[in-house]
Amino acid sequence: MRRNPRLGMIGFGAMGREVLTGLDKLGETETLRAVLVRPGREAPQAVHDVDALIAARPQVVMECAGHSAVKEFVAPLLRAGIDVIISSVGALADDQVRSELLTAEQGGGRALLPAGAIAGLDGLLAARLAGLDEVTYTSFKPPHAWRGTAAEQVLDLNHSDAEREFFAGSAREAALAYPKNVNVGVAIALVGLGMDATRVRLVSSRNVTDPLGRIEARGAFGHFRFDIFARAAADNPKTSTLTAYSIVQCARLGGALPIAGLCAPLTPAIL
């Protein structure tokens, strides 16, 4: 990817608005050529179908609209030779989606994974090479941040306990049961032990005010634990502000950085 390329974006919700704020702070809003939103939704440089987004000739498109957007729009962009930064990484838990994107990359575009609010992915890649036996990702969020999610079906969010674990299973199981809440877990699985061997825990916690993610790994290399406390976006407690700024940096600096520096190509070696 070129530095400071022409940009496009899919979606203009909490994440998209935060991305625009990041570009504004850098004085680079003019690099944003088009934003794909549904008809009737407002956005800067708004377009309403993927063909119009392609016609705006972005070099990199930032996906900020959820799993359905990944499934609907990313493959056509890749086939058109446009790189796409995927923030809704959880969509890649679906083997068919991954396969379609890998095939679409033959058109010249690359599907890219931002580190988002995840510290330690470089260490996880190194650990896998050295010998990785166990990886667990735990997501702690305050009770109100789980409202409007599938957690409400299995958990009383008015619980008085300091913490309540309401899910423990593989990254694949977590992605299927909580598709909007385990993007980080799926990203960790993709660069670590894979979807079925990576463990995910979801916890409703009164000990945190904003999302806290914990990566724990053990193997021949030794062991480590990373805690990432990331402030939630002001208008969406489910979204990390740090993720938006990571997408901005990934779009601006791209392939000049290794995965430790924010991006990794979506290649079979990682899947």
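Let me start with Thr136, which lies in strand S7; strands here are DSSP runs of E, at least two residues, and helices are runs of H or I, at least four residues, numbered from the N terminus. This is a predicted model, in which local features need pLDDT of at least 70 and side-chain atom pairs count only at pLDDT 80 or more, while totals for chains, interfaces and linings use all residues. Residues are numbered from 1 along each chain as its sequence is written, and side-chain values use heavy atoms, with hydrogens and water left out.

Is Thr136 buried or exposed? Thr136 is buried, at a relative accessible area of 19%; buried means under 20%, exposed over 50%, and partly exposed in between, with a 1.4 Å probe and protein chains only. Not counting residues up to four places away in sequence, Thr136 touches Arg199, Arg201, Arg214, Ile215 and Glu216, a contact being heavy atoms within 4.5 Å.

Now the sheet. Five strands form an open, mixed sheet in the order S8-S9-S7-S10-S11, where two strands pair if DSSP finds at least two bridges between them. Strand S8 (163-170) and strand S11 (222-229) are at the edges with a single partner strand each, so one side of each has no neighbour in the sheet. Neighbouring strands are turned by 15° against each other on average, direction ignored. S7 (residues 132-141) and S9 (residues 199-205) pair in the parallel sense over six bridges, and Ser139 stands opposite Leu202 in S9.

Two helices pack on this sheet. H5 (residues 121-131) touches S7, S10 (212-219) and S11, and its direction makes about 155° with that of S7. H7 (residues 183-191) touches S7, S9 and S10, at about 170° to S7. These angles run from 0 to 180 degrees between N-to-C directions of lines fitted to C-alpha atoms, for helices over the stretch in contact.

Next, helix H3 (residues 67-79). Where does H3 kink? The kink, about 40°, lies at Phe73, shortly before Pro76; the bend is the angle between axes fitted to the seven residues ending there and the seven starting there. Buried residues of H3 include Val70, Phe73 and Leu77. Just after H3, Gly81 has a positive phi of about 85°.

Last, the largest nonpolar core. Of its 57 residues, Leu101 and Leu124 touch the most other members; a core is a set of buried Ala, Val, Leu, Ile, Met, Phe, Trp, Tyr and Cys residues joined through side-chain atoms within 4.5 Å. H3 gives the largest share, seven residues.
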